[in-house]
Amino acid sequence: MTNIERAKGGCKPLTHDPQLRAAAFGHSDDMAKNNYFSHQSKDGRSFVDRIRGAGFTGGSGWAENIAKGQSNAASVVQSWMNSPGHRNNVMNCAYTLIGVGLAKNSGGTNHWTQVFAAK
């Protein structure tokens, strides 16, 4: 769905990266299990720290989108597209790679993360 939005703006599709996916899922899972919602992990790590911790090297730019509560992929992508900062990440044609994570907390609330990289 993110690639559909990018195509509307003339950007090439993003390619899935397993290390970025690990970083994205890890952050979603951490937020869900530890009851917080932030780009900074409770242990102080930034999204770049998490990307590097997942083994991703290189790259010339990175970004992260997070969301909480949307029930499905269509609604979370729409929420990101309605937010200027998140939309800018999606529509940045310099990004070529993506990792996506989804985890539910004990109450069933979804925690979403997208991680982008230019490489």
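Author: Let us begin with a term: two strands are said to pair if DSSP finds at least two bridges between them. Please keep in mind throughout that this is a predicted model. With that term in hand, strands E3 and E4 can be read as a hairpin with five residues between them, and in the turn Gly 108 has a positive phi of about 90 degrees.

Reader: In what order do the strands of the open sheet lie?

Author: The sheet has four strands, which follow one another as E1-E3-E4-E2, with mixed pairing. Its edges are formed by E1, residues 15-16, and E2, residues 61-68, each of which pairs on one side only. Helix H2, residues 18-34, packs on this sheet and touches E1, E2, E3 and E4, and the direction of H2 makes about 25 degrees with that of E3.

Reader: Turning to the side chains, how many aromatic pairs does a search of the whole structure find?

Author: To read such a pair, one looks at the distance between ring centres and at the angle between the ring planes, where planes under 30 degrees apart count as stacked. The search finds one pair, formed by Tyr 95 and Phe 116, which is stacked at 5.7 Å centre to centre with 25 degrees between the planes. Because Tyr 95 lies in the loop between helix H5 (84-90) and E3 while Phe 116 lies in strand E4, the pair ties together parts that are 21 residues apart in sequence.

Reader: Are Tyr 95 and Phe 116 buried or exposed?

Author: Burial is judged by relative accessible area, and buried means under 20%. Tyr 95, at 9%, is therefore buried, and Phe 116, at 0%, is buried as well. Not counting residues up to four places away in sequence, Tyr 95 touches several residues, including Arg 6, Leu 14, Trp 62 and Ala 63. Tyr 95 and Ser 60, which are 35 residues apart in sequence, are 9.0 Å apart in space, C-alpha to C-alpha.

Reader: Which residue lies over the face of Phe 56?

Author: That residue is Lys 119, which lies at 4.6 Å from the ring centre.

Reader: What surrounds His 111?

Author: His 111 is found in strand E4, and its relative accessible area of 2% makes it buried. Leaving aside neighbours within four places in sequence, its contacts include Ser 28, Met 31, Tyr 36, Lys 68 and Asn 105. A polar atom of the His 111 side chain also lies 3.2 Å from the backbone oxygen of Thr 109.

Reader: How accessible is Phe 25, and which residues does Phe 25 touch?

Author: Phe 25 is found in helix H2 and, at 29% relative accessibility, counts as partly exposed. Not counting residues up to four places away in sequence, Phe 25 touches Gly 101, Leu 102 and Ala 103. Gly 58, by contrast, is 33 residues from Phe 25 in sequence and 20 Å from it in space, C-alpha to C-alpha.

Reader: Which residue has a positive phi although it is not a glycine?

Author: That is Asn 35, with a positive phi of about 55 degrees. Asn 35 is found in the loop between H2 and helix H3, residues 47-53, and it is exposed, with a relative accessible area of 61%.

Notes. Residues numbered from 1 in each chain as written. Predicted model: local features only at pLDDT ≥ 70, side-chain atom pairs only at ≥ 80, totals over all residues. Heavy atoms only, no water. Helix = DSSP H or I, 4+ residues; strand = E, 2+ residues; numbered from the N terminus. Contact = heavy atoms within 4.5 Å. Axes fitted to C-alpha atoms, helices over the stretch in contact; angles between N-to-C directions. Phe/Tyr/Trp six-rings, centres within 6.5 Å; stacked < 30°, edge-to-face > 60°. Buried < 20%, exposed > 50% of the residue type's maximum accessible area, 1.4 Å probe, protein only. Lys NZ or Arg CZ within 6 Å of the ring centre and 35° of its normal. Polar contact = N/O pair within 3.5 Å; in protein donor to acceptor, adjacent residues only side chain to side chain.
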